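Work through the exercises below with the structure open. Each task is followed by its solution.

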Amino acid sequence: MLRGRPLHQYAYFALFSQHISADDMTSQLGITPDEVSVRGSRFTEPAVVPVDHSWMAVCREPGLRVDEQITHILDRLQPHTDRIADLSRRLAGTGGGAVLHVVRYFNDTDQAQSGAADAPNLFGWHLDRKVLDFLSATGAELGVDEYDMAEDEDTR
């Protein structure tokens, strides 16, 4: 059973563009993002550079299932669905768009929390009609990244 394995996860809704900055998106939406990325701002070597400007509403609250994290994000964004949808359509016309993204790290012992035996079961999640309607209205895609952080037996 996976219940006892450390799991770190978060979800975010992002609007992205190669041409419109996160500041411009903020002013068009009238909503302050939780996080932004600026195209070309992340240089670790010549290769790693964000390809887009991104405006993000994020939930990193531990102890919540993914669907609960998504609900927190959408509770904030749904009153602005029409403006988000309008901006998403404009961004899509130039190669940008919108995405609801889920990121999960399994066996993430660096993120292990005290009281893990009492922790809720974070495995399993679903998207209800409210979420699907928001994704459809905004033209957003769904992205899910899952990573197994367990040490490879060959590296032990």
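**Exercise 1.** In which strand is Cys59 found? Then decide whether Cys59 is buried or exposed.

Solution. The model is a predicted one. Cys59 lies in strand 3, which covers residues 53-59. Its relative accessible area is 7%. The cut-off for buried is under 20%, so Cys59 is buried. Next, list the contacts, leaving out residues up to four places away in sequence: Cys59 touches Tyr10, Ala11, Leu64, Gln69, His72 and Ile73. For Tyr10, 49 residues from Cys59 along the chain, the C-alpha atoms of the two are 5.9 Å apart.

**Exercise 2.** Check what helix 3 (residues 81-92) should span at 1.5 Å a residue, and find which of its residues are buried.

Solution. The buried residues of helix 3 are Thr81, Ile84, Ala85, Leu87, Ser88 and Leu91. Among the elements covering them are strand 1 (7-17), helix 1 (22-29), helix 2 (66-77), strand 4 (97-106) and helix 4 (129-138).

**Exercise 3.** At what angle do helix 2 and helix 4 pack, and which residues make the contact?

Solution. The angle is about 55°, and the axes of helix 2 and helix 4 are 11 Å apart. The two helices are therefore oblique to each other. The crossing of helix 2 past helix 4 is left-handed. Helix 2 contributes Ile70, Leu74, Asp75 and Leu77, while helix 4 contributes Lys130, Val131 and Phe134. Sorted by class, this contact has five nonpolar, two charged and no polar residues.

Key. Residues are numbered from 1 along each chain as its sequence is written. This is a predicted model: local features need pLDDT of at least 70, side-chain atom pairs count only at pLDDT 80 or more; totals for chains, interfaces and linings use all residues. Side-chain values use heavy atoms; hydrogens and water are left out. Helices (H or I, at least four residues) and strands (E, at least two) are DSSP runs, numbered from the N terminus. Buried means under 20% relative accessible area, exposed over 50%, partly exposed in between (1.4 Å probe, protein chains only). Contact means heavy atoms within 4.5 Å. The expected span of a helix is 1.5 Å times one less than its number of residues. Axes are lines fitted to C-alpha atoms, for helices over the stretch in contact, and angles run from 0 to 180 degrees between N-to-C directions. Angles under 35 degrees count as roughly parallel, over 145 as roughly antiparallel, 65 to 115 as roughly perpendicular and the rest as oblique. A crossing is left-handed if the near helix is turned anticlockwise from the far one by less than a right angle, and right-handed if clockwise. Ala, Val, Leu, Ile, Met, Phe, Trp, Tyr, Cys and Pro count as nonpolar, Asp, Glu, Lys and Arg as charged, and the others, Gly among them, as polar.
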